[in-house]
Amino acid sequence: MSDQWIAPEEDPRSYGNPQGELATYREYLTNYRLTLELKCAGLDAEQLATRSVPPSTMSLLGLVRHMAQVENNWFQRVIQGRIDGPRLFEREDDRDWDFNGAVGDPAVVEEAFSSWKAQVALADAWLDACDETTLGQEFTIRDDEKASARDIVVHMIEEYARHCGHADLLRECIDGRTGQ
């Protein structure tokens, strides 16, 4: 089996030359989201939930749940102030519920991916309405600490980049696949 995930002509990611700050952020964020999805492709529920680097609780499924939580926190709760709903994949009695609750059950997999995709769609809707001025808008992230929308979007790119690196290693431990 080739170590390439997909043939280059079938790769859904784009590697253009985006013009402008927002377009650049969007391309990187979209590509990292697609990379995480590609790293999970073709695996069953048990494989997705495999904690392949003990003693870490990290799994591909846990990463999907975690990124749904992160998308929700930054784009919905912080930027848009939607704090009334429950936090995704969090429990008061388990700080790592996003990973600890990632078990090899098809229903858990379905919930994780549907929640993540829903949060991505909501974030993309906000980004669609965003412009250069919006990127400079500041938001309170904790106590008196503030961050601009720009900082938050760059943080999201960094968060995905880091976790896609984890996903590379997790996937390689599951079935030996490396590559894109």
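**Salt bridges and exposure**

Visitor: Why does E145 count as partly exposed?
Guide: The relative accessibility of E145 is 39%. Buried means under 20% relative accessible area, exposed over 50%, and partly exposed in between (1.4 Å probe, protein chains only), so 39% puts E145 in the partly exposed class. This is a predicted model, where local features need pLDDT of at least 70 and side-chain atom pairs count only at pLDDT 80 or more, while totals for chains, interfaces and linings use all residues. Residues are numbered from 1 along each chain as its sequence is written, and side-chain values use heavy atoms, with hydrogens and water left out.

Visitor: What makes the R142 and E145 contact a salt bridge?
Guide: A salt bridge needs a side-chain nitrogen of Lys or Arg within 4 Å of a carboxyl oxygen of Asp or Glu. R142 and E145 come in at 3.1 Å, N to O, so the pair qualifies. R142 is partly exposed too, at 47%.

Visitor: Why is D93 called exposed?
Guide: Because its relative accessibility is 60%, and that clears the cut-off for exposed. D93 has a salt bridge with R91 at 2.9 Å, and R91, at 38%, is partly exposed.

Visitor: How do you know that E158 and R162 are about one helical turn apart?
Guide: They sit four residues apart in helix α7, residues 149-175 (a helix here is a DSSP run of H or I, at least four residues).

Visitor: How many salt bridges are found in the whole structure?
Guide: Twelve. R26, R33, E71, D124 and D128 are linked in a network of them.

Technical notes
Helix = DSSP H or I, 4+ residues; strand = E, 2+ residues; numbered from the N terminus.
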